[in-house]
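The tour moves from one selection to the next.

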Amino acid sequence: MGAALALGARGRGRTTPNPNVGCVIVKEGRVIGRGWTQPGGRPHAEAMALAQAGAESRGATLYVTLEPCAHRSERGPACADLIAEAGVARVVAAVEDPDSRTAGRGFERLRAAGVAGASGVRQAEALRSFAGFIARQRHGRPHVTLKLATSLDGRIALPDGSSRWITGEPARAHAHLERSRHEAILVGRGTWEADAPKLDVRLEGLEGRSPIRAILARHPRESGGPPSSSAPPMDEQVGPGFRRDVLWIDSPVRVHPLPADHLLVEGGAETAAAFLSADLVDRLLLYRAPILIGAGKAAIGDIGLADLADAHGRWHLLDARQLGSDRLEVYERRR
């Protein structure tokens, strides 16, 4: 299952509207097929692994990070049917599919075909691996990661706004890797107009995985209209709630129009506060440089906290590592 999880991670940020699933087929102690969901959501991981394994699939065990789908689509057959037809003897899944079109029906169809099944293996890891798909199914919105790069005293810039660079090259490279794993990236209007950030992926070999760019701005009736014409051009996106690809701060923040399952929020302080105030942040990336700035710009604005007791117990540390001279901490929102 660990190998299947690693394979599924290859598709993160590229498989919407489908989850980034990984699959491994094993027979007599050796791997005979591997697959992961392809860009755009097809082929599915199971279809790829079965095609690789071919006739050897008969009598094998198939490990997959999500229950095989039971619903047929114009884009391809149901994976439960493909597995049964291939003669696979046993299917082990990490998570039952929350999609109402499958939701246990995949296992039912497999059992009816004589295929043994089990689920729940490394479930927590699998849920994190395609957290965007789960968030879309359960909450009707993307999974939101907030990225902050700060000094030790929580500043993101000097008093005059100078912020290049708070962190060093290893931390910035890691941030670009994170961008490649999200379908969309968002900054506030102020950050967009002041810094003109490219918001792309500048890692060799991953340049083609730059996310959709979006701005969060105050509603036009409060801000005087959409971003100025002097701001850098942005990708054209069409959908309810969009002005080009601008999302308005309209209490609470609404992110459901974005054509993305994973949204990375990068700046600035007001935007971070808006998402935190609306309790829309699921994951926090905190890059901290070993510097002190003093009277600079704070990383986060007012989030409406009235009682310190309400701040405790919300965040769980998932990972911590050194990136050059900087420190990365990854937190998950407890819900």
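Is alanine 269 buried, exposed or partly exposed? Alanine 269 counts as partly exposed, because its relative accessibility is 22% (buried is under 20% relative accessible area, exposed over 50%, partly exposed in between; 1.4 Å probe, protein chains only).

This is a predicted model: local features need pLDDT of at least 70, side-chain atom pairs count only at pLDDT 80 or more, and totals for chains, interfaces and linings use all residues. Residues are numbered from 1 along each chain as its sequence is written, and side-chain values use heavy atoms, without hydrogens and water.

Stay on alanine 269. It sits in helix α10, residues 269-277 (a DSSP run of H or I, at least four residues, numbered from the N terminus). Leaving out residues up to four places away in sequence, alanine 269 touches Ile156, Ala298, Ala299, Ile300 and Gly301 (contact: heavy atoms within 4.5 Å).

Next, select alanine 272, also in helix α10. Alanine 272 is buried, with a relative accessible area of 1%. Beyond four places in sequence, alanine 272 touches Leu146, Leu148, Ala299 and Ile300.

Now colour the annotation. UniProt, in an unreviewed entry, places a "binding site" at positions including Trp165, Asp195, Ala269 and Ala272; such annotations may be inferred rather than shown by experiment.

Finally, go to isoleucine 25. In the largest nonpolar core, of 32 residues, Ile25, Leu62 and Val91 touch the most other members (a core is a set of buried Ala, Val, Leu, Ile, Met, Phe, Trp, Tyr and Cys residues joined through side-chain atoms within 4.5 Å).

Technical notes. Helix = DSSP H or I, 4+ residues; strand = E, 2+ residues; numbered from the N terminus.
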